[in-house]
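Dear colleague,

I am handing over the structure we spoke about, and below it you will find my notes on what turned up in it. Please read them with the model open beside you.

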Amino acid sequence: MFTQADHQYMSRALELAARGLWTTSPNPRVGCVIVRNQRVVAEAWHRRAGEPHAEVLALAQADGGARGATVYLTLEPCSHHGRTPPCVEALLEARVGRVVVAMEDPNPLVAGRGLARLREAGIDVRCGLLEQDASELNIGFVSRMTRQRPWVRMKLAASLDGRTALPDGASQWITGPAARDDGHAWRARACAVLTGIGTVRDDDPQLTVRAVETERQPLRVLVDSGLAVPLDARLLAGGNVLIACARADPARARALRSRGCEVVELAGAGGRVDLAGLLRELAARGVNELHVEAGHRLNGALLGEGCVDELLVYLAPLLLGNAVGMLDLVPPESLAAAQRLTLQAVDRLGDDLRVRARLLSPAGAPNPSSKELWTCSLESLRPSAG
């Protein structure tokens, strides 16, 4: 169905799409290559929401040279009016001859309609080339569209014996500079970074991206049941902060809003924040990927309530003994009932190790929270300059 040349050009389209890894949210990352007579006449990628989509940019670059050409797209072209006009109409107007798409758009507003529109016009349409790679590149967008929740990636930094802090709370720095810089890169690709009030009290973090260049800062999200965050906490500086509480004291909420924060009340059981409800709230705000950097209690609560899809664990070559662990989790009744994970990658960063793993059900089948979301490595799809 697909030729070697098709694979080559779609691989290039995926490379282009990955250049939007840190900038396109809440939109998906999309690349486009236009080929005519075995020659690339145009290529482009979607840069950021509100700007032209990849296929529109490529067609403009082709400047009339797309007639009868093959268009390689990493995602089905849109067929509805959003911030920009439907890309399907631009392809039809350009009179392209063939369209090869990696995957259908999971957005219910599209969901195959773009491909159907092209086929109705007599264009040769093929879909499914490097589908898993395309889905992986947009794993958060797929999650938001199909599950109405972000893809949740939890970052942990620990000693080799699994400890994240000394008994007095000291944790800076367990890992080395290379691991910390890498953590900032993962922050940068996320739409939002989440932490808890315990981490704010212990570490007073900023939760901004500083170690890598980025055009935008992710939304900072604080889980704070009683709105106890100090008004001079570094997290609150500069606004762009969402605070989720279980019960909003009016005076405290007003004080926080005066600092540029937004406060939402999401009451859960036992006076705690409804974490699943928070994920739905973030999805409604366009959050595709949520990066968690929290303490062992909130980490355990998120995992225990099925709110985590992936772990990003940095292990340092030191031992801390009877200190604070990574997760406050209820032990399973047996090893057979333990939460299982599948390893995605193990990499060395300076003196530290980085382990990426995704959750499985106790029986070893894919967790329902990550069903239909593939597990290809993204190492070959890191954003390049341009």
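This is a predicted model: local features need pLDDT of at least 70, side-chain atom pairs count only at pLDDT 80 or more; totals for chains, interfaces and linings use all residues.

By the rule used for salt bridges, the count comes to 25. One of them joins Asp309 to Arg149, with the closest N and O atoms 3.1 Å apart. Asp309 lies in the loop between helix H11 (296-304) and strand S13 (310-316), and Arg149 in the loop between helix H6 (139-147) and strand S6 (151-159), so this pair ties together parts that are 160 residues apart in sequence. Both Asp309 and Arg149 are buried.

Another salt bridge brings together the side chains of Arg187 and Glu293, at 2.8 Å from N to O. Here too distant parts of the chain are linked, since Arg187 sits in helix H7 (residues 177-189) and Glu293 in the loop between strand S12 (289-292) and H11, 106 residues apart. Arg187 counts as buried because its relative accessibility is 8%, and Glu293 is buried as well, with a relative accessible area of 13%.

Helix H7 and strand S12 also supply Arg189 and Glu289 respectively, so that this pair ties together parts 100 residues apart in sequence. The closest N and O atoms of the Arg189 and Glu289 salt bridge are 2.7 Å apart, and both residues are buried. They also belong to a network of salt bridges that links Arg29, Glu136, Arg153, Arg189, Glu289, Glu310, Arg356 and Arg358.

Turning to the strands, five of them form an open sheet of mixed pairing, in the order S2-S1-S3-S4-S5. Strand S2 (39-45) and strand S5 (124-127) are the edge strands, each pairing on one side only, and neighbouring strands are turned by 15 degrees against each other on average, direction ignored. Strand S1 (residues 31-36) pairs with S2 in the antiparallel sense over six bridges, and within this pairing Val33 stands opposite Glu43 in S2. Helix H2 (residues 54-62) packs on the sheet, where it touches S1, S2 and strand S3 (70-73), and its direction makes about 140 degrees with that of S2. Helix H4 (residues 113-120) packs on the sheet too, touching strand S4 (98-101) and S5, with its direction at about 150 degrees to that of S5.

Finally, Ala233 is found in the loop between strand S9 (219-223) and strand S10 (241-245), and it counts as buried at 5% relative accessibility. Leaving aside residues up to four places away in sequence, Ala233 touches Val200 and Asp204.

Best regards

Notes. Residues are numbered from 1 along each chain as its sequence is written. Side-chain values use heavy atoms; hydrogens and water are left out. Helices (H or I, at least four residues) and strands (E, at least two) are DSSP runs, numbered from the N terminus. Buried means under 20% relative accessible area, exposed over 50%, partly exposed in between (1.4 Å probe, protein chains only). Contact means heavy atoms within 4.5 Å. Two strands pair if DSSP finds at least two bridges between them. Axes are lines fitted to C-alpha atoms, for helices over the stretch in contact, and angles run from 0 to 180 degrees between N-to-C directions. A salt bridge is a side-chain nitrogen of Lys or Arg within 4 Å of a carboxyl oxygen of Asp or Glu.
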